[in-house]
Amino acid sequence: MERRAAMSMEKENQLNAEFEADALQLGARLRHARRLRNLTLKECADTAGCSEGQLSKVERGVSAPSLALLHRLAHLYASNVSELLGKTAPNSSPVLLRGSRPTFGRNHADISLERMDHAAPGSLLQAHIHIIPVGAKSDGLIEHVGEEVGYVLEGTVKLTIGGETYVLTVGDGFHFPSQMPHGYENIGADVARIYWVNTPATF
């Protein structure tokens, strides 16, 4: 029992170390992207809908942004989330094998995205499996240029699109223009997974 607990603690420490390293790298990329555009922290924070202090912490690697905030920053910097995270997939094969696809997110309690594409800057579409823990939800509603389609693989989610709310379960799908404010929440008792496709690439 003690050995199992020690192994669990060791794994948690390893994950925390990886998370801290990723946060520092992400912060450096965001700071670089902002400076390339000669923007101040306040200008970016105001546009992205967060405080200047919060954005400063993100750039210093002290805290990690939600996917929604990261999405807004990516839009501001004419980039996408995968590029900012350094998670662009090698374009060497058309096949993405199970267990080898990169996943990005903050930690096990937050929403994470599993790459289902080789999307690069300029790609016409992008696909992920959104992995949503019980009770987790997107950070407010987002809107942007494009179009989206999705299919619920597991769980029960509440999907909000343009002021309307829908409860979706396994086998349900959706399709809407990205200009409509949208967000989601896992309202079920188990982890939810949604296969989600965007065009153009935004995450």
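Mentor: His182 is buried, as its relative accessible area is 4%; buried means under 20% relative accessible area, exposed over 50%, and partly exposed in between, with a 1.4 Å probe and protein chains only. The model is predicted, so local features need pLDDT of at least 70 and side-chain atom pairs count only at pLDDT 80 or more, while totals for chains, interfaces and linings use all residues. Residues are numbered from 1 along each chain as its sequence is written, and side-chain values use heavy atoms, with hydrogens and water left out.

His182 belongs to strand E8 (residues 182-186). Strands (E, at least two residues) and helices (H or I, at least four) are DSSP runs, numbered from the N terminus. The side chain of His182 makes a polar contact of 3.0 Å with the side chain of Glu148. A polar atom of the His182 side chain also lies 2.7 Å from the backbone oxygen of Met180. A polar contact is a pair of N or O atoms within 3.5 Å; within protein, one must be able to donate a hydrogen and the other to accept it, and residues adjacent in sequence count only if both atoms are side-chain atoms. With neighbours within four places in sequence left aside, His182 is in contact with Gly140, Leu141, Ile142, Glu143, His144, Glu148, Thr160, Ile161 and Phe176, where contact means heavy atoms within 4.5 Å.

Next, the charged pairs. There are six salt bridges, each defined as a side-chain nitrogen of Lys or Arg within 4 Å of a carboxyl oxygen of Asp or Glu. One of them joins the side chains of Arg34 and Glu59, at 2.7 Å from N to O. This pair links distant parts of the chain, with Arg34 in helix H1 and Glu59 in helix H3 (residues 52-59), 25 residues apart. Arg34 counts as buried because its relative accessibility is 8%, and Glu59 counts as buried at 5%. Asp117 and Arg115 form another salt bridge, with the closest N and O atoms 2.4 Å apart, and both residues are buried.

Arg193 and Glu154 also form a salt bridge, their closest N and O atoms being 3.2 Å apart. Arg193 is in strand E9 and Glu154 in strand E4, so this pair ties together parts that are 39 residues apart in sequence. Arg193 is partly exposed, with a relative accessible area of 27%, and Glu154 is partly exposed at 36%.

Strand E4 (residues 147-154) also holds Tyr151, which counts as partly exposed at 41% relative accessibility. Tyr151, Leu153 and Tyr195 form a nonpolar surface patch with about 260 Å² of accessible area together. Patches are made of residues with over 30% relative accessible area and no salt bridge; like charges are joined within 9 Å, and nonpolar side chains (Val, Leu, Ile, Met, Phe, Trp, Tyr) within 5 Å. Accessible areas come from the Shrake-Rupley method with a 1.4 Å probe, and for residues only the protein chains shown count as cover.

Two backbone features remain. The peptide bond between Thr199 and Pro200 is cis, with omega about -5 degrees, and Pro200 is in the segment after strand E9 (192-199). Asn38, a residue other than glycine, has a positive phi near 55 degrees. Asn38 is in the loop between helix H1 (2-36) and helix H2 (41-48), and counts as exposed at 68% relative accessibility.
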